[in-house]
Amino acid sequence: MDIIASLTVVISLFAVLASLGVLLTRDNFYAALYMSITMVFVAAIYAILDIQPAVVLITLIFIGAVGIVTIALAATYRAVPTRKINLAWALPLIIVFGLVCYVYMNTTGGKIEVIGSNNLIAVPYEYFFVLLLLFSVIILMMLSAIKFVRGSRL
Amino acid sequence: MLIVFVSSLAILFIAYLTAISSKDLIRLLISLELMFASLFLFITPLFLMMPTTAFAVLILAVFTSSCELLVLITAIILTDRKRKSIDIECASVGGEAK
C-alpha cells in the first residue's frame, strides 16, 4: 500500500470517527464542531488525491461559510437536551450497511483509472503549505469559538 | 477507493441516525450538513473518471447545501419566534396531529 492509499485510509477513518462524534455528543455546539472536523477530513481526502479545485471549493464555501455559520447557530441556540437514541434503529442500519458493502465488493471489479487527469488545474506542490495554513486558520477559528463559549458560560 | 465508498456510506448512515434521533432543529440541520459531507466523499472517484462532470456536481451540491442552510436558518429563527422553542416536536407537517 503506497503512502497515498495509507493516508486515504487513515483520514477516512478519522472522518468516520468525527461523524460518530456528531451522533454521540449531546451538546449541539460540539456536534457542529465535529461536523466541521468531518468536513475538514473530507477536504483532506481531496487534497491527498490532488484534486485542488474541489479542496478550495469545499474549504472556502462548505467549511468556511456553511460550517462556521452552523457552529455560530449552534452556539447561539446552545442547549443540552436530554436525548435518547433508540438502539433498535441501529440494527437495520447495520444490516443495510453490511448488505451494501457485500454487494459492492462482489459486483465491482477492476481498478479505477485516471482518465483525462490533465483537465484538472495543475497546482504546484508548494500549494500544500497554503492548504496547511488554511486548515490551521479554520482550526484556530473553531478553538476561538470554543474559548468564547466557555468564557461566556463562566 | 473502496475505503472511500465505505467511509462515505458510514458517514451517511451516521447522519441518518443523527437525524432520526435528533430532538431539536439544530441537530437536524447538522445531520443534513453531514449528509452533504458524505455526498462529497462519495463523488471522489467520479473526479478520477470524469473530472469536469464531477466538478459540476460538486458546485451544484455546494450551492444546494448553502441554500438549504439559509432556508433552514430562517425556518429555525421563525420557529423559535413563533413557538418559543426549537424542539423537533414543533415541526409538524402534512397535517400531523398529536
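Select H2(A), residues 28-48. H2(A) holds 21 residues and runs 30 Å from first C-alpha to last, close to the 30 Å expected at 1.5 Å a residue. Expected span here is 1.5 Å times one less than the number of residues. Helices are DSSP runs of H or I with at least four residues, strands are runs of E with at least two, and both are numbered from the N terminus.

This is a predicted model, where local features need pLDDT of at least 70, side-chain atom pairs count only at pLDDT 80 or more, and totals for chains, interfaces and linings use all residues. Residues are numbered from 1 along each chain as its sequence is written, while chains are lettered from A and ligands numbered from 1 in the order in which they are written.

Stay on H2(A) and look at its cover. Of its 21 residues, 19 are buried. Buried means 20 or more other C-beta atoms within 10 Å of the residue's own; exposed means 12 or fewer; partly exposed lies in between, with C-beta atoms placed from the backbone.

The axes of H2(A) and H3(A) lie 9 Å apart, at an angle of about 175°. That angle makes the two helices roughly antiparallel. Angles over 145 degrees count as roughly antiparallel, under 35 as roughly parallel, 65 to 115 as roughly perpendicular and the rest as oblique. Axes are lines fitted to C-alpha atoms, for helices over the stretch in contact, and angles run from 0 to 180 degrees between N-to-C directions. The contact of H2(A) with H3(A) involves 19 nonpolar residues, 5 polar and no charged. Nonpolar covers Ala, Val, Leu, Ile, Met, Phe, Trp, Tyr, Cys and Pro; charged covers Asp, Glu, Lys and Arg; the others, Gly among them, are polar.

Next, pick Asp50(A), in the loop between H2 and H3 of chain A. Its phi is positive, near 60°, in a residue other than glycine. Most residues other than glycine have a negative phi. Asp50(A) has 16 C-beta neighbours inside 10 Å, so it counts as partly exposed.

Zoom out to chain A. It has 5 helices and 0 strands, in the order α-α-α-α-α. Of its 154 residues, 28% count as buried. Among its contacts between residues at least 6 apart in sequence, 70% join residues at least 24 apart. Two residues are in contact if their C-beta atoms, placed from the backbone, lie within 7 Å.

Now show both chains. The contact draws 49 residues from chain A and 43 from chain B. On the chain B side, H1 (2-21), H2, H3 and H4 each give two or more residues. H1(B) supplies the largest share, 15 residues. By class, the chain B side has 32 nonpolar, 7 polar and 4 charged residues.

Select H4(B), residues 51-83. Its 33 residues should span 48 Å at 1.5 Å a residue, and its end C-alpha atoms are 46 Å apart, which agrees. Its buried residues include Phe55(B), Leu58(B), Val62(B) and Leu69(B). Their cover includes H3 (52-76) of chain A, along with H2 (25-42) and H3 (44-49) of chain B.

Finish by colouring by pLDDT, the predictor's confidence in each residue, from 0 to 100. Chain B averages 84, with 92% of the residues scoring at least 70. The model scores ipTM 0.86 and pTM 0.70.
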